[in-house]
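Hi everyone, thanks for making time this morning. Let me put the model up on the screen, and then I'll walk you through it.

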Amino acid sequence: MVVTTSWYLALGAVLFSLGAVGLLIRRNPLVMFMCVELMLNAVNLTFVSLGAELGDLGGQLSVFFVLVVAAAEVVVGLAVVVAIMRRRQGATTDDLSVLGG
Amino acid sequence: MDVTVFLISAAIVLVGALGVLAARNPVHAALFLVQTLFGVAVLFVLQDATFLAAVQVIVYAGAVVILFLFVIMLLGVDRAEDLGVEPIVGQRPLAAVIGASLMGLLLTLLLVATDGPTGAPGRTAPLGDGVDNTRRLGEALFTDYVFAVELTALLLTVAVVGAVVLARTVKGALQPLPVVAVATAEEPPRATDEGSGVDSADEFDTATSESIEGGDA
C-alpha cells in the first residue's frame, strides 16, 4: 500500500471542513481565529501535496507566502480583538452585531 | 512505513482539529491547535518539504500560537465557555449540514477523479530531496519571486504598524492636532515690498503664533 496524493488531498478536505464548521459554531473570536488557521493549514497541505505530485516547487512557494500572510492576519486580527475586548469585556461575536448598522 | 506515518499523523491532525472545535477552554483549544500543526509538519516532512516543516513548527507553533496564548492571558478570557447554550437557534445543525456538504463535495470530487490529481508537470525548479529543499526554495524566492518577497516585507511592516496603532491605549486627554500655517487667500504674500524675504518670514512667524493661540483657545 502506497500513500498517494489523493490521501493527502482527502485529509486536507476533512481538515478544511472541520475548520469551517468550527468557524460557524464557535462564538469566542479567538477560537474562531484558530479555526481559520486550521483551514489555512488544510490548504497548505493541499499545496504541498500537489507540488510534490507535479514536481513543481510552486506549491511550496505558495505555502511560504500563505504562512507570511497568515502571520500578518493573526497579528492584525488579535489587535482588533484586544481593542474590542478593552471596550467590552468578554464580548463574543454575537455581541458585536452593533456594527451591522 | 510511509503508510504508518501517514495514518498516525492524520489521526493526530484530526484529533487536534476536533479538539479545537470542542474545547471549552480557549487555552486548551490553542494546545490542540499546536497538536494539529505538528501533525501537518510531519506530513510536510513525509513529502520532502523539510524547510516548510521547520517553518511550520517555528512560525506557527512557535509564534502564532504563542501570540494566541498571550492574548488569551492578557484579556483574561481563559474561562471555560459554556458550549451547552446555543445562542442562535438552529445555528449548529445548520453549521453541521454546511460542513458535511462541504466535506462530501470535496471527497466526492476526489473519488470521481479516478486518475488522481492531474495537471501539467511543473516547470519551475525541481523539488530537490530533503537536503536540497531549502537551497532550491531560497534560489527560487530570491530570483524569480523576489518582488513577491519584497511585497511580503512591506505587508509585515504594515501589519506591525497596524497592530501597534489598533492595540495602543491613549492615556489622558488627546493632544490637540498640530496647526499648520497656511497662507490664506485674503492676505497674499506681498512680494513687491522691499526686503520681501524678511517680510514674508515675519508674516510666517505671526501667522504661526496666531494659529497656535487659536488652537489653545
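Helices here are DSSP runs of H or I with at least four residues, strands are E runs of at least two, and both are numbered from the N terminus.

A word on conventions. This is a predicted model, where local features need pLDDT of at least 70, side-chain atom pairs count only at pLDDT 80 or more, and totals for chains, interfaces and linings use all residues. Residues are numbered from 1 along each chain as written, chains are lettered from A and ligands numbered from 1 in the order written, and side-chain values use heavy atoms, with hydrogens and water left out.

Back to chain B. Of its 217 residues, 27% count as buried, meaning under 20% relative accessible area, with exposed being over 50% and partly exposed in between (1.4 Å probe, protein chains only). Chain B exposes about 13800 Å², and carbon and sulfur atoms supply 69% of that; these areas come from Shrake-Rupley with a 1.4 Å probe, and for residues only the protein chains shown count as cover.

Is Asp132(B) buried or exposed? Asp132(B) counts as buried, because its relative accessibility is 17%. Its C-alpha lies 24 Å from that of Ser9(B), 123 residues away along the chain.

Now chain A, which has 3 helices and 0 strands. Its C-alpha trace spans about 55 × 25 × 20 Å along the principal axes. The radius of gyration is 17 Å, whereas a compact globule of 101 residues would be near 13 Å; that is taken over C-alpha atoms, and the globule rule is 2.2 Å times the number of residues to the power 0.38. Of the 101 residues in chain A, 57% count as buried.

So how do the chains meet? The contact takes 70 residues from chain A and 82 residues from chain B, with contact meaning heavy atoms within 4.5 Å. About 6700 Å² is buried between the two chains, 78% of it from carbon and sulfur atoms; that is accessible area (1.4 Å probe) lost on putting the parts together, summed over both. On the chain A side, Arg26(A), Met34(A) and Leu57(A) lose the most area to chain B, together 10% of what that side buries.
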